Amino acid sequence: MAFSLSKYPDLNVREQAERFESMGLEDTLRWTWETFGRQAAIGTSYQGSGLVIIHHARKLGLDFPVFTVDTGLLFPETEALRIRLEEFFGIQIEGLKPAQTVHEQWADYGGNLWETNPDTCCTLRKVLPLQQRLSQLDVWITGLRRGQSETRAKTGILEMYEFDKLREKNLLKLNPMANWSREQVWDYIKANAIPYNPLHDRGYRSIGCWPCTKLAGGENERAGRWEGFEKTECGIHTFLGSNI
Ligand code: SF4
């Protein structure tokens, strides 16, 4: 693969992926920083596990860039949390914005696209801005956990994707929280007094854009997203296609 053979000739992705399975979060992040530096960045929507990653990175002095996808349709509580987190961690969180404002999109598509075609809405407001940022990176660090839903049950701690066939660019995706449980995440957040979204205390388990997030119970942590549609993922974790 172009990625492992050229830019990082000593890296064997499969072997490293196996090592990560028994490595703790601190060692995983340290190795990633020593290998990739700021070519690795943390993407977060401020759900619990992303906050744990940022906290560890700050504690260890690992200066990964941190970004979020700012759809323009986030809850006010989520917007306010961003400011609190920037203060708490002493960082700036980069907001990735869609090409169109919500109003421009509404005018072009003749109404609320999330009600008529949420896949297109997610592509425009989430996937495209994210792809643009990922094209500049070698490693995307995420807070995905296997326990979040059936679609995430096979998440690897280290995965490699073909990102841009024409330019032979691959992308590593590091999911260092894959084997953490929801309880472990929240115990850590509470123990370290990390600011979190107050909507969790009102019963929301997974929080995205306000039009597509509802209260829901049950086993699936992501139930409550895109109620009334078959959709379970916004596309930011599925557009990459197969793991190579
Ligand atoms: S989550 Fe809903 S509002 Fe947000 S981008 Fe996707 S469809 Fe649009």
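Two residues are taken to be in contact when heavy atoms lie within 4.5 Å. Among such contacts in the protein chain between residues at least 6 apart in sequence, 70% join residues at least 24 apart. The structure is a predicted model, in which local features need pLDDT of at least 70, side-chain atom pairs count only at pLDDT 80 or more, and totals for chains, interfaces and linings use all residues. Residues are numbered from 1 along each chain as its sequence is written, and side-chain values use heavy atoms, with hydrogens and water left out.

The overall picture comes first. The protein chain holds 9 helices and 6 strands; helices (H or I, at least four residues) and strands (E, at least two) are DSSP runs numbered from the N terminus. Of its 244 residues, 53% are buried, where buried means under 20% relative accessible area, exposed over 50%, and partly exposed in between (1.4 Å probe, protein chains only). The accessible surface of the chain comes to about 12000 Å², with 49% of it belonging to carbon and sulfur atoms. These areas come from the Shrake-Rupley method with a 1.4 Å probe, and for residues only the protein chains shown count as cover.

An open sheet of 6 strands runs in the order S3-S2-S1-S4-S6-S5, with mixed pairing; two strands pair if DSSP finds at least two bridges between them. Strand S3 (93-96) and strand S5 (158-164) each have a single partner strand and stand at the edges, so one side of each is left without a neighbour in the sheet. Neighbouring strands are turned by 30° against each other on average, direction ignored. Axes here are lines fitted to C-alpha atoms, for helices over the stretch in contact, and angles run from 0 to 180 degrees between N-to-C directions.

Strand S6 (residues 169-174) runs parallel to strand S4 (residues 139-141), to which 3 bridges join it. With S5, strand S6 pairs in the antiparallel sense over 6 bridges. In that pairing, Asp164 stands opposite Lys169 of S6, and Met160 stands opposite Leu172 of S6. In S6, 6 of the 6 residues are buried, so the strand is largely enclosed by the rest of the structure. Lys169, Leu171 and Lys173 point one way from S6, while Asn170, Leu172 and Leu174 point the other way. Although S5 stands at an edge, it is mostly covered, with 6 of its 7 residues buried.

Helix H3 (residues 25-36) lies across strand S1 (40-43), S4 and S6, running at about 155° to S6. Helix H5 (residues 76-89) also packs on the sheet, where it touches strand S2 (66-69) and S3, and its direction makes about 150° with that of S3.

Most residues other than glycine have a negative phi. Tyr46, in the loop between S1 and helix H4 (48-60), has a positive phi near 65° and counts as buried at 3% relative accessibility. Ala193, in the segment after helix H9 (182-191), likewise has a positive phi, of about 50°, but is exposed, with a relative accessible area of 55%. Lys154 lies in the loop between S4 and S5 and is exposed, its relative accessible area being 82%. From Lys154 to Ala178 the C-alpha to C-alpha distance is 8.9 Å, across 24 residues of sequence.
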